[in-house]
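Here is a short briefing for a reader who is new to this structure. Take a look at the model, then read the points below.

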Amino acid sequence: MLRRGLENRDTQTRQLQDAVTNVEKHFGELCQIFAAYVRKTARLRDKADLLVNEINVYASTETPNLKQGLKNFADEFARLQDYRQAEVERLEAKVVEPLKAYGTIVKMKRDDLKATLTARNREAKQLNQLERTRQRNPSDRHVIAETELQRATMDATRTTRHLEETIDNFEKQKIKDIKTIFSEFITIEMLFHGKALEVYTAAYQNIQKIDEEEDLEAFRNSLYPPDYSSRLDIVRANSKSPLQRSLSAKCLSGTGQVSTCQLRKDQQAEDDDEEDEDLDVTEEN
């Protein structure tokens, strides 16, 4: 019966060893990958900060509506990076650190396993000694059986109970921690993406509010200064021929000058008529 008990405990021990080794391997991989995920997220935050700075620099060179729209967009995008920073910190604290802590947990379980194996070996040694003693002293079989067997049975019971508790607690903690870690990961990601959707919506609206026509008008006005029309008139006046400038000057000289010219023409006509009349009188005489 003791031999059968030892064989059962050997099976339990191997099962515990396999469980600890499996957790050590896969939790280590998960820890490394989650840590890389967090680092990538942090680098994305850094790149986004550079993008915000560049948008602000560019916006300062643009027309009023575009400038305001870009600055509003940059503000929203910068706010998103604050949420991303919170995401990074939460992932580090709630996901990476608990997985990293399993390095210590596994070490403790290996120590428990080592203690269990030590007790099991001691029990097996006692059982072997008991069997050898019985073979050497058949007459003292009942005395030896009553003392040594009782001790071996107590050790076996204690070792078995400790081993079962160790396996049970390890599995219970592993399942609970997996649920907690992955639940935290999902919650953190949902919180971030929920906030991100709000921020992206506001950023999209700010871009759509940019008045294209008003900015285009502002751009066109920047090409032509306010005194552009008067300067254009001067250029046109300077481009006329001398005859055109003379006629324009006469036409623009005023009402009094026009009247004087007309009087001179009328006077010249009257003088011509008088000369014609004198010529007629001379011919008659």
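**Briefing**

At 54% relative accessibility, Lys107 is classed as exposed. Its partner in a salt bridge is Asp111, with the closest N and O atoms 3.9 Å apart. The model is predicted.

**The chain overall**

- The chain has 7 helices and 0 strands.
- Read from the N terminus, its elements follow the order α-α-α-α-α-α-α.
- The chain has 285 residues, and 26% of them count as buried.
- Take the contacts between residues at least 6 apart in sequence: 87% of them join residues at least 24 apart.
- The accessible surface is about 20,200 Å². Carbon and sulfur atoms account for 54% of that surface.

**Salt bridges**

- The structure holds 6 salt bridges. Three of these are described here, beginning with the pair of Lys107 and Asp111.
- Asp111 and Lys107 both sit in helix H2. They are 4 residues apart, about one turn of the helix.
- Asp111 is partly exposed, at 43% relative accessible area, whereas Lys107 is exposed.
- Glu97 pairs with Lys100 in another salt bridge, where the closest N and O atoms are 3.4 Å apart.
- Glu97 and Lys100 are also in helix H2, 3 residues apart, so about one helical turn separates them.
- Glu97 is partly exposed, with a relative accessible area of 36%. Lys100 is partly exposed too, at 45%.
- Glu24 and Arg110 form a salt bridge through their side chains, at 2.7 Å from N to O.
- Glu24 belongs to helix H1 (residues 2-59) and Arg110 to helix H2, so this pair ties together parts that are 86 residues apart in sequence.
- Glu24 is partly exposed, at 41% relative accessibility. Arg110 is partly exposed as well, at 31%.

**A buried arginine and its partner**

- Arg84 lies in helix H2, which covers residues 64-136.
- Arg84 is buried but has no salt bridge.
- Why does Arg84 have no salt bridge? The nearest side chain of opposite charge, Glu87, is 4.7 Å away, and a salt bridge needs a side-chain nitrogen within 4 Å of a carboxyl oxygen.
- The side chain of Arg84 does make a polar contact of 2.9 Å with the side chain of Gln81.
- Gln81 is in helix H2. Its relative accessible area is 3%, so Gln81 is buried.
- Which residues does Arg84 touch, not counting those up to four places away in sequence? They are Thr41, Leu44, Arg45, Phe192 and Tyr200.
- Gln81 has its own contacts, leaving aside neighbours within four places in sequence: Leu44, Arg45, Ala48 and Asp49.

**A nonpolar patch on the surface**

- Leu216, Phe219, Leu223 and Tyr224 make up a nonpolar patch on the surface.
- Together these residues have about 400 Å² of accessible area.
- Leu216 is located in helix H4, which spans residues 212-223.
- Is Leu216 buried or partly exposed? Leu216 is partly exposed, with a relative accessible area of 34%.

Note on methods. Residues numbered from 1 in each chain as written. Predicted model: local features only at pLDDT ≥ 70, side-chain atom pairs only at ≥ 80, totals over all residues. Heavy atoms only, no water. Helix = DSSP H or I, 4+ residues; strand = E, 2+ residues; numbered from the N terminus. Buried < 20%, exposed > 50% of the residue type's maximum accessible area, 1.4 Å probe, protein only. Lys, Arg positive; Asp, Glu negative; His and termini not counted. Polar contact = N/O pair within 3.5 Å; in protein donor to acceptor, adjacent residues only side chain to side chain. Contact = heavy atoms within 4.5 Å. Areas by Shrake-Rupley, 256 points an atom, 1.4 Å probe, with all protein chains shown as cover. Patch = residues over 30% accessible without salt bridge, like charges linked within 9 Å, V, L, I, M, F, W, Y side chains within 5 Å.
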